[in-house]
Amino acid sequence: MSVTINERPFEAEVDERTLLIDLIRDEAGLTGTHAGCWEARCGCCAVLVDGGSVKSCNVLALQVDGAHITTVEGLAREELLPFGDGAGVPVEARGVDVGSLHPLQAAFRDHGAVQCGFCTPGMLLVLVDLLDRNPDPTDEEVREAIRGNLCRCTGYQKIVEAALDAAQRLRAARSVASGS
């Protein structure tokens with residue numbers, strides 16, 4: 001089978017019972033997508049398939065053959081960054097420049113919408129899907145979008161605030177880009 005994951009072509013031979021989450025984590029090595037309940041109840045495993053969010057523990061890999069998949073790793077570009085306090089030998093480590101975060105990721109950081117972080121990848125992908133379809137959601141629409149995602153640490157208020165802030169940031173960026 002052949003898919004595009006985070007803008008990169010990816011091919012694998014998979015068993016017909018292989019789940020999309022297994023393809024992403026075990027075959028492609030992208031472990032940012034978390035496996036929680038394995039029953040499509042917690043939303044930790046949400047990814048985008050051709051722009052729409054799906055729970056990857058409930059989809060067979062072969063069902064997405066030829067699709068474009070976006071995982072949390074696809075929201076901000078990783079690069080080699082200087083690491084350490086500068087007193088020792090310079091070292092580079094894989095990381096993400098804060099300035100390159102997706103506006104939703106930046107809003108999650110700014111609003112403290114992350115605690116343990118286990119649910120965060122799924123929350124982010126579900127909300128990216130919402131904000132692509134609805135650039136000006138209400139509080140209730142955000143809550144409806146994340147209805148299938150469980151967070152046991154933050155409660156949901158900070159996540160909702162972050163999503164609404166990200167929507168505002170994205171609208172402002174589109175306004176600047178269009179010159180209006």
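Two strands pair if DSSP finds at least two bridges between them. I kept this criterion in mind while reading the model, which is predicted.

**Entry 1: strand 3 and its partners**

I looked up strand 5 (residues 68-70) and found that two bridges join strand 3 to it, so the pair meets the criterion of at least two bridges. The two strands run antiparallel. Within this pair, I noted V49 opposite I69.

I then turned to strand 4 (residues 52-55), which is joined to strand 3 by four bridges and is also antiparallel to it. Here A46 stands opposite K55. Strands 3 and 4 make a hairpin, and two residues lie between them. In that turn I recorded a positive phi of about 50 degrees for D50.

**Entry 2: the faces of strand 3**

**Entry 3: nonpolar cores**

I next examined the largest nonpolar core, which holds 29 residues. Those touching the most other members are L104, F108, M123, L124, L127, I146 and I159. Strand 3, helix 2, helix 3 and helix 5 (157-178) each give two or more residues to this core. Helix 3 gives the most, with eight residues.

Another core, of 17 residues, lies apart from the largest one; I noted M1, L20, L30 and I69 among its members. In soluble globular proteins, nonpolar side chains tend to be buried together.

**Entry 4: the largest pocket**

How much space lies in the largest pocket? I recorded about 560 Å³. Its lining has 22 residues, and I5, N6, R8, E73 and G74 lie nearest the centre. The elements giving two or more residues to the lining are strand 1 (2-5), strand 2 (8-11), strand 5 and strand 6 (79-83). By class, I listed nine nonpolar, six polar and seven charged residues.

**Entry 5: the second largest pocket**

For the second largest pocket I noted a volume of about 170 Å³. Which residues line this pocket? They are V72, L101, Q105, F108, R109, V114, G117, T120, P121 and L124. The lining comprises six nonpolar, three polar and one charged residues. I also marked F108 and L124 as lining residues here that belong to the largest nonpolar core.

How values were computed
Residues are numbered from 1 along each chain as its sequence is written. This is a predicted model: local features need pLDDT of at least 70, side-chain atom pairs count only at pLDDT 80 or more; totals for chains, interfaces and linings use all residues. Side-chain values use heavy atoms; hydrogens and water are left out. On a 1 Å grid over the protein atoms alone, a cavity is a set of points where a 1.4 Å probe fits but cannot get out, and a pocket is an open set with protein on both sides within 12 Å along at least five of seven lines; lining residues have an atom within 4 Å of a point. Grid points are joined across faces, edges and corners, and a volume is the space filled by probe spheres set on the points. Ala, Val, Leu, Ile, Met, Phe, Trp, Tyr, Cys and Pro count as nonpolar, Asp, Glu, Lys and Arg as charged, and the others, Gly among them, as polar. A nonpolar core is a set of buried Ala, Val, Leu, Ile, Met, Phe, Trp, Tyr and Cys residues joined through side-chain atoms within 4.5 Å. Buried means under 20% relative accessible area, exposed over 50%, partly exposed in between (1.4 Å probe, protein chains only).
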